[in-house]
Amino acid sequence: MTDDPPGTGGDSRLELLGELINLHAQAMQRMPWIQTLLIAGIALLVRLRVPPAWLIVWGLASIAVEALRATVAQRILSARIGWTPVTAHRVFVALAGLSGLAIGCGSVVFLPALPILDQALLGIVLFAIPAAGTAVSQSSPPILGAYAAGVLLPASATWIHLYPSQAVVISVLTLLYAIVLILVTADGQKLLRRSILIRHERDRLILDLEQRNTEVATAMQEAENAAMARSRVLAAASHDLRQPLHALSVYNAVLASSPNPQLLAEASQNIGQIVRSLGALLNSLLDLSRFSPENYAPARLEVSLQHIVAEVCAEFREAARQKGLALVEEFGEVRVMGDPVAIARIARNLIDNAIKYTAQGEVRVSTRIELMGGEQQAVLVVADTGCGIAPAEHARIFEEFYQLDNPGRDRAKGVGLGLAIVQRLCELTGSRIHVDSVPGRGSTFKVMLPALISSTPAVAPAGAAHADHHAGKRVFLVDDEQIILNSMRTLLVLWSYRVHTAASAREADALFAAQGAPDLLIIDLRLGPDNGADLAQAWARNHGTFPTLIISGETDSARLQQLKGAGRRILQKPIAPEVLAEEIRLALARGMPNLRLAH
Ligand code: ADP
């Protein structure tokens, strides 16, 4: 079996041979019937000259050989014989030789007994038999060769024995005939192999197409899910924005009616609460869009898990104390390659929830290494003794705006995005989160972080700045929105800073010229036609370095990423007063170099 089409390797050659063997085996099953007819025809020709016993023995012997061939073929097709294609091919070659010989033996016995005319007729029949064989043995020249040799050699030898004068002619003709038959079979085999290869190629293409179809269907499903999720978020967000805005307009009317001091105090308190929850909602929505694969590339830094989580715990100590909860910290040494911002954010949201949904008892925060599936795994666990979550809700609480126990969507009870953000961050950083909770008995959130490091020492993230009193520090405030300039100045003066304001780059230039560098510059990123960050850099060059906080309403994550990439500290509006106070304190305490990015 040679002459392989290009690109046909050893394995596919065997596969092809297997297919050809199967084709041959199918043809073999019809052979006992064809052979019987052939024997009947020859018997008709020679019956008057040959003893019937010889005829019967010869006929039965050659039918038996064909029956053997058919049985072997049947067993190969039904896979009852575990032969390799090469072995099966060899067996078929041998059986073809035997079958041809059975016919050929007949010629040895019959030819001498016949008159010349019948001899010629039988000769034609004998020579025609191998030609018919090319049809059934098209899949293999060796099979056809063996069959033709079995028939032709005894027949020509007998003819030569009877007519020695024709020895040369008969030998040459027989040889040429055999060669032609083998060449015809080889061509047929080539055709067969090509059609098998084409069929294989077609099957492969269909499989390929089916796989592509599945991929396209999956991608479409994902896009549909994403679109549905987006519209769900939008619907919930617009509802949650409309309520407080309505309340604000009501309070606006109250304020416009010159209320008495008590009503004024009440309105101001409520407005403060509304603004805080609006800010929280907006921040969470921004985070939700920020923490997506397109907008956020998680860092891969060597960090100490327990250091990051310990800092987050420190933020919640006071809140836990006020609720009478014990905040238990169990920190084992765990170092991972991870994103400190994402890890801190995950820990913050989980601890915040644990405190929020626990009325009494404790919140236990642990970092440790656990053995999972034979592998060491870095884990962060936040467990509480709070209200717990019903098993049916375990998956749903990670959906955007999904909240339990808040049918009135009271924003003071949270916005319902905390766990959605946690989930996003886990997906982005290759972490897994698991919740275990029994209603009334508490909840345990376990985060399995990837990339545990066991050897190299970790770099602890920068610790919180020392509390420092910076009253009286000179702060330059530059913003082209008068309303923001006024409100921020009031607040900063309240916090005892000396504040100088400028509403444009030109005014700020004059301020720097008159006063020199401030202790802190707070500047809007988009200052009319100018860029606050660039202006700050220019003033630093001319007047000496000073810490800077850039404030921005920018939501274009690519632009923000670009600015942060340039090492700039950006605060996104709206900024909660507590956050602003802390940022100012940190900037002044660190004597933060101009435009350095703090984490
Ligand atoms: P939010 O806390 O703002 O409502 P989250 O997405 O953080 O939104 O949580 C979704 C819901 O999951 C919450 O409304 C709360 O019912 C439930 N939940 C989250 N954490 C806990 C917890 N530790 N104990 C009990 N319930 C929780």
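Which residue forms a salt bridge with E329, and how far apart are the closest N and O atoms? E329 pairs with R317, and the closest N and O atoms are 3.2 Å apart. The legends below treat this pair and other sites in turn.

The model is predicted: local features need pLDDT of at least 70, side-chain atom pairs count only at pLDDT 80 or more, and totals for chains, interfaces and linings use all residues. Residues are numbered from 1 along each chain as its sequence is written, and side-chain values use heavy atoms, with hydrogens and water left out.

**View 1. The salt bridge between E329 and R317.** A salt bridge is a side-chain nitrogen of Lys or Arg within 4 Å of a carboxyl oxygen of Asp or Glu. A search of the whole structure finds 15 of them. E329 belongs to strand β2 (residues 326–331) and R317 to helix α9 (residues 305–322), so the pair ties together parts that are twelve residues apart in sequence. Helices (H or I, at least four residues) and strands (E, at least two) are DSSP runs, numbered from the N terminus. E329 is partly exposed, with a relative accessible area of 30%, and R317 is also partly exposed, at 43%. Buried means under 20% relative accessible area, exposed over 50%, and partly exposed in between (1.4 Å probe, protein chains only).

**View 2. The salt bridge between E333 and R335.** The closest N and O atoms of this pair are 2.8 Å apart. E333 is exposed, with a relative accessible area of 51%, whereas R335 is buried, at 11%.

**View 3. The salt bridge between K446 and E370.** The N to O distance between the two side chains is 2.8 Å. K446 lies in strand β7 and E370 in strand β4 (residues 362–372), and the pair links distant parts of the chain, 76 residues apart. K446 is partly exposed, with a relative accessible area of 21%, while E370 counts as buried at 16%.

**View 4. The residues around the ligand.** There are 21 residues around the ligand, and N353, Y357, Q403, G416 and L419 come nearest. A residue is near a molecule if one of its heavy atoms lies within 4 Å of it. An oxygen atom of the ligand is 2.8 Å from an N or O atom in the side chain of Y357. A ligand oxygen atom is also 2.8 Å from a polar backbone atom of G416. For S443, an N or O atom of the side chain is 3.4 Å from a nitrogen atom of the ligand. The ligand on its own has 520 Å² of accessible area, and the protein covers 98% of this. Accessible areas come from the Shrake-Rupley method with a 1.4 Å probe. Two or more residues of the shell come from each of α10 (340–356), α11 (418–429) and β7 (442–449). Helix α10 gives the most, with three residues.

**View 5. A nonpolar patch on the surface, formed by W54, V108 and V109.** Together these residues have about 270 Å² of accessible area. Such a patch is made of residues with over 30% relative accessible area and no salt bridge, with nonpolar side chains (Val, Leu, Ile, Met, Phe, Trp, Tyr) joined within 5 Å. V109 lies in helix α4 (residues 85–110). V109 is partly exposed, with a relative accessible area of 34%.

Definitions and conventions. Patches are made of residues with over 30% relative accessible area and no salt bridge: like charges are joined within 9 Å, nonpolar side chains (Val, Leu, Ile, Met, Phe, Trp, Tyr) within 5 Å. A polar contact is a pair of N or O atoms within 3.5 Å; within protein, one must be able to donate a hydrogen and the other to accept it, and residues adjacent in sequence count only if both atoms are side-chain atoms.
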